[in-house]
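Reader: I am new to this structure. Please show me how to read a few of its features.

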Amino acid sequence: MKTALGLMSGTSMDGIDLALIRSDGDRVVEFGPTLSVAYPASFKRRIELGLADAQELLIAKERSRRPGSLAALEQEITTWHADAVATFLTRESMTTAQIDLLGFHGQTIIHRPQNALTVQLGDGPRLATLTGIATVYDMRARDMELGGQGAPLVPVFHQALARTVALEGKEPIVFVNIGGISNVTYIEGDADPIAFDSGPGNALIDQWVQAQGGVPYDQGGRIASEGGVSASVVDHYLANPFFKRSGPKSLDRADFAPLAPGDLDLSDGARTLTYISAAAIAKSAQHFPRIPKRWILCGGGRLNTTLVSDLRVLIQPTGGEVLLAEDVGIDGDMLEAQAFGYLAIRSAKGLPLTFPTTTGCQHPTTGGVLRGVTH
């Protein structure tokens, strides 16, 4: 049995989530305390600007290179994570000896599976040194080396969750994580999970309301609730060949272009992009073996009531039920952080993180690099 602290900074780039978990690498035995540490707006902006420098990596195809601002940015991101761990330990009155592993995702700055390239900023060895806790990091690269998409990584944790919260017998189940990009995991019995990115999640909506309304995101879907859907814009986005491809498949947040300024007003743009995010999730059903009975929503997008309402309308004709994570006893805010704690334990034990049905890798594949000594 291991205790791991998962650290997640997602495609929304707004901060770090930390979640403690105890597991044997199969079932989750205990969920522990959690913490969210927000990046200041200025630092989030620096990460966004760093995405431009990341494009040089496509040309060089060298994962270890850190051109432009990326070298300094990586060290700052690592320091932020070390400080977040220290804050967590102080708040929970814990010592480093009580944590066996850190599961360090890092900050994705480029993810191009078609180029076999994925880069997450974060210095794993330095984090292990700064915290004094053994650290598992760089969990996507091995999968890509074996022909996988490198994403999504969370499905094996979704399968563990289905067992932990007693959802067996209520299958097929689909876990939907609505972050900057949305991804889905189809679970039925003991079969390997089926998973893939389903399309844009919050990213296009966030970009739109930031540019047109000067706010970081559409809280609760309120802006969208005041607008109307542009059918032509919806048709344009959903005509993308990505949606016809069966999984495994994954996306970078830059794969779908932002809505052009002036195309729609603020609320209509938000409403239309919100509908697109819901429709993209609903369209994923065409790539599952059977019609899901339950869709369980996780990630920040589940708090967008307009998006959830759209999804329920789209799913209703299939007879499926759309539930929030909390409806089945899951912390929808911390699921990904918990997942990376769980994945760190599996990695340290040499257990598979990905499968041919989740990423397209050649065979069930472990991943991650371990630095430091476990207790």
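Reader: Is S347 buried or exposed?

Author: Start with the cut-off: buried means under 20% relative accessible area. This is a predicted model. Here S347 has a relative accessible area of 14%, so S347 is buried.

Reader: Where is S347 placed?

Author: S347 lies in helix α11, which covers residues 335–348.

Reader: What does S347 touch?

Author: Leave out residues up to four places away in sequence. Then S347 touches V136, L353, T366, G367 and G368. One of these, G367, also meets the side chain of S347: its backbone oxygen is reached at 2.5 Å.

Reader: How far is S347 from T365 in space?

Author: The C-alpha atoms of S347 and T365 are 9.7 Å apart. In sequence, 18 residues separate S347 and T365.

Reader: Now a pair of helices. How are two packed helices described?

Author: Two values do it: the angle between the axes and the distance between the axes. Take α9 (residues 266–283) and α10 (residues 305–315). They pack at about 45°, and their axes are 9 Å apart. The two helices are therefore oblique to each other. The crossing of α9 and α10 is right-handed.

Reader: Which residues make the contact?

Author: From α9 come R271, T274, Y275, S277, A278, A279, I281 and A282. From α10 come T306, L307, D310, L311, L314 and I315.

Reader: How many residues of each class does the contact of α9 with α10 have?

Author: Sort by class. The contact of α9 with α10 has 9 nonpolar, 3 polar and 2 charged residues.

Definitions and conventions. Residues are numbered from 1 along each chain as its sequence is written. This is a predicted model: local features need pLDDT of at least 70, side-chain atom pairs count only at pLDDT 80 or more; totals for chains, interfaces and linings use all residues. Side-chain values use heavy atoms; hydrogens and water are left out. Helices (H or I, at least four residues) and strands (E, at least two) are DSSP runs, numbered from the N terminus. Buried means under 20% relative accessible area, exposed over 50%, partly exposed in between (1.4 Å probe, protein chains only). Contact means heavy atoms within 4.5 Å. A polar contact is a pair of N or O atoms within 3.5 Å; within protein, one must be able to donate a hydrogen and the other to accept it, and residues adjacent in sequence count only if both atoms are side-chain atoms. Axes are lines fitted to C-alpha atoms, for helices over the stretch in contact, and angles run from 0 to 180 degrees between N-to-C directions. Angles under 35 degrees count as roughly parallel, over 145 as roughly antiparallel, 65 to 115 as roughly perpendicular and the rest as oblique. A crossing is left-handed if the near helix is turned anticlockwise from the far one by less than a right angle, and right-handed if clockwise. Ala, Val, Leu, Ile, Met, Phe, Trp, Tyr, Cys and Pro count as nonpolar, Asp, Glu, Lys and Arg as charged, and the others, Gly among them, as polar.
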